[in-house]
Amino acid sequence: WIAFTREGNVWMRNASGDTPARQVTDLSPADVGRLVWSPDSAVIAFGHVDAVWVVNADGTGLHETSLPHGASPTSWGVAPAR
């Protein structure tokens, strides 16, 4: 999957590009921060209005979450190649 931001929301498409991009968030205000993949490439985290949100790589399961004190999704780093 490829995840990207457009118009302040998260969009996804499969890596082959043979399907149209799909909007997976409709947050208000539309102002999604940097997208970060989990180490196992299963989840994407991003900031939105002083909160951390996560969504599964296939675009399902969008929800706000909390992280342990001092943790940051940006510490996940770059997703491994699949």
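**Architecture of a predicted all-strand chain**

The accessible surface of the chain amounts to about 5000 Å², and carbon and sulfur atoms account for 52% of this area; accessible areas were computed by the Shrake-Rupley method with a 1.4 Å probe, and for residues only the protein chains shown count as cover. The structure is a predicted model, in which local features require a pLDDT of at least 70 and side-chain atom pairs count only at pLDDT 80 or more, while totals for chains, interfaces and linings use all residues. Residues are numbered from 1 along each chain as its sequence is written, and side-chain values use heavy atoms, with hydrogens and water left out. The pLDDT, the predictor's confidence in each residue on a scale from 0 to 100, averages 79 over the chain, and 80% of the residues score at least 70. Over residues 78–82 the pLDDT stays under 50. For this segment the model has 7 contacts beyond four places in sequence, a contact being heavy atoms within 4.5 Å.

The chain contains 0 helices and 7 strands. Both kinds of element are DSSP runs numbered from the N terminus, with helices (H or I) of at least four residues and strands (E) of at least two. The order of elements from the N terminus is accordingly written β-β-β-β-β-β-β. Of the 82 residues, 32% count as buried, a term that denotes under 20% relative accessible area, against over 50% for exposed and the range in between for partly exposed (1.4 Å probe, protein chains only). Among contacts between residues at least 6 apart in sequence, 30% join residues at least 24 apart.

Strand β1 (residues 2–6) is joined to β2 by 5 bridges. Within this pairing, I2 stands opposite R13 and A3 stands opposite M12. The hairpin of β1 and β2 has 2 residues between the strands, and E7 takes a positive phi near 55° there. On the β3 side, 2 bridges join β2 to β3 (residues 22–23), with M12 opposite R22. Strand β2 (residues 9–13) is largely enclosed by the rest of the structure, because 4 of its 5 residues are buried.

Within strand β2 lies W11, which counts as buried at 13% relative accessibility. Apart from neighbours within four places in sequence, W11 is in contact with I2, A3, F4, R6, A21, R22, Q23 and V24. A polar atom of the W11 side chain lies 3.2 Å from the backbone oxygen of R6. In sequence W11 and G59 are 48 residues apart, yet their C-alpha atoms are 8.3 Å apart in space.

A further open sheet is formed by 4 strands in the order β4-β5-β6-β7, again with antiparallel pairing. Strands β4 and β5 pair over 2 bridges, and V36 stands opposite A45 in β5. The loop between β4 (36–37) and β5 (43–47) contains S38. With a relative accessible area of 5%, S38 is buried. The side chain of S38 is joined to that of D40 by a polar contact of 2.6 Å. A polar contact is a pair of N or O atoms within 3.5 Å; within protein, one must be able to donate a hydrogen and the other to accept it, and residues adjacent in sequence count only if both atoms are side-chain atoms.

In soluble globular proteins, nonpolar side chains tend to be buried together. The largest nonpolar core of the model has 13 residues, and those with the most contacts inside it are V10, M12, W37, I44 and F46. Strands β2, β5 and β6 (52–56) each supply at least two residues of this core. Such a core is defined as a set of buried Ala, Val, Leu, Ile, Met, Phe, Trp, Tyr and Cys residues joined through side-chain atoms within 4.5 Å. Not counting residues up to four places away in sequence, I44 touches A3, M12, L35, V36, W37, W53, V54 and V55.

How values were computed: Two strands pair if DSSP finds at least two bridges between them.
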